[in-house]
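Here are a few exercises to work through with the model open in your viewer. Try each task before reading its solution.

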Amino acid sequence: MPEITFESSDGSQKKTVNAPEGGALADLCDDHAAPIPFSCRSASCATCHIEVIEGADALLPPEEEELDVLDAVCSKPPKYRLACCAKLRAGAGKVIVRAQNEY
Ligand code: FES
């Protein structure tokens, strides 16, 4: 079943969401009160920096603005992404992401 699990940076909070239609991670976080912090929501602050622990292939590739911010924080996809930019593919499998900043 397509699902994504969002974990807080210390792993103490987790939220698993079924997302058969895929969609923006930010929307899924908002709709399900997932423990991922956001600030600018427009690929400039890196507050929403996440590690992709499992299922990186289920995310659509990053666009240039996301790549620029990841580069600035010395991270590279597919292991690291920005939750305000990343989108889940429709029909994706299991994905687990962990916040890199405190929620
Ligand atoms: S919330 Fe600022 S880069 Fe994602």
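A nonpolar core here is a set of buried Ala, Val, Leu, Ile, Met, Phe, Trp, Tyr and Cys residues joined through side-chain atoms within 4.5 Å, where buried means under 20% relative accessible area with a 1.4 Å probe, protein chains only. This is a predicted model: local features need pLDDT of at least 70, side-chain atom pairs count only at pLDDT 80 or more, and totals for chains, interfaces and linings use all residues. Residues are numbered from 1 along each chain as its sequence is written, and side-chain values use heavy atoms, with hydrogens and water left out.

**Exercise 1.** Find which residues touch the most other members of the largest nonpolar core.

*Solution.* Start with the 30 residues of that core: Ile4, Phe6, Leu25, Ile36, Phe38 and Leu88 come out on top. Next, sort by element: S1, H1, S4, H2 and S7 each give two or more residues. H1 gives the most, with 4.

**Exercise 2.** Work out the strand order of the open sheet.

*Solution.* Strands are DSSP E runs of at least two residues, numbered from the N terminus, and they pair if DSSP finds at least two bridges between them. S2 (14–18) and S5 (80–82) are the edges, each pairing on one side only. Now zoom in on S4 (residues 49–54) and S7 (residues 94–99), an antiparallel pair with 4 bridges; there, Val52 stands opposite Val97.

**Exercise 3.** Find the ring under the charged end of Arg41.

*Solution.* The test is CZ of Arg within 6 Å of the ring centre and within 35 degrees of the ring normal.

Technical notes. Buried < 20%, exposed > 50% of the residue type's maximum accessible area, 1.4 Å probe, protein only.
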